[in-house]
Amino acid sequence: MKKWVVMFSIFFVTSGIVNAQSMGRSYKTALGVKVWDGGGISFKTFVAPNNAMEVIGYFYRNGTRLTGLYEIHGDIADAAGLKWYIGPGAHLGFYNYKGYSGDKVVAGVDGVLGLDYKVNRAPINFSIDWQPSFEFAEGRGFVGSWGGLGIRYAF
């Protein structure tokens with residue numbers, strides 16, 4: 001019985017600390033979804049006060065794509081909780097397109113330009129961005145239709 005009391009106490013104290021960290025205008029880590037021409041799972045974590053890494057697993061009608069981004073964030077004056085971000089990245093796409101004979105694995109380089117908003121006093125984060133990319137494959141090249149609206153739970 002003592003073990004259960006200790007475990008529940010640790011759980012509630014830890015939960016309070018995590019919630020306290022995410023209830024302001026900033027956050028350390030967030031997990032959620034990103035939608036646009038399909039949907040994806042987005043995991044974002046800050047590795048420095050203004051630098052974050054984001055990993056996105058997209059799922060859409062023509063396949064899947066795994067993207068990694070390094071994002072540099074900056075404050076927007078007089079807009080508490082709102083930041084711009086920009087950065088480089090890379091991806092692997094697993095596609096089934098017309099014109100391809102069977103499934104194709106395609107590598108590419110990415111960029112990202114967007115806005116990130118952390119809701120004050122709630123563990124919710126929103127983002128909207130554009131992720132232009134260049135894919136290295138026959139019949140591919142510049143692709144400007146990636147990006148999306150992200151909704152995440154902030155830790």
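Predicted model: local features only at pLDDT ≥ 70, side-chain atom pairs only at ≥ 80, totals over all residues.
**Notebook: strands, core and charged pairs**

Strand S1 (residues 29-35) pairs with strand S10 (residues 147-154) in the antiparallel sense, over 6 bridges. S10 is also joined to strand S7 (residues 124-130) by 7 bridges, and these two run antiparallel. There I found Ser-127 opposite Gly-150 in S10.

Then I turned to the nonpolar core. The largest one has 10 residues, including Ile-56, Tyr-58, Tyr-60, Tyr-85 and Trp-146. Strands S3 (51-60), S5 (82-95) and S6 (104-118) each supply at least two residues of this core. S3 gives the largest share, 3 residues. Apart from this core lies another, of 5 residues, and my friend Ala-30 is among them, along with Phe-46.

Now for charges: how many salt bridges does a search of the whole structure find? I noted 9. In one of them, Lys-34 meets Glu-54, with the closest N and O atoms 3.5 Å apart. This pair links strand S1 to strand S3, 20 residues apart. Are Lys-34 and Glu-54 buried or exposed? Lys-34 counts as buried because its relative accessible area is 0%, under the 20% cut-off. Glu-54 is likewise buried, at 0%. Both belong to a network of salt bridges that also includes Lys-44, Glu-71 and Arg-152.

My last pair was Lys-83 and Asp-75, whose closest N and O atoms are 3.2 Å apart in a salt bridge. Here Lys-83 is buried at 17%, whereas Asp-75 is exposed at 59%.

Methods:
Residues numbered from 1 in each chain as written. Heavy atoms only, no water. Core = buried A, V, L, I, M, F, W, Y, C linked by side-chain atoms within 4.5 Å. Buried < 20%, exposed > 50% of the residue type's maximum accessible area, 1.4 Å probe, protein only. Helix = DSSP H or I, 4+ residues; strand = E, 2+ residues; numbered from the N terminus. Pairing = 2+ DSSP bridges. Salt bridge = Lys/Arg side-chain N within 4 Å of Asp/Glu carboxyl O.
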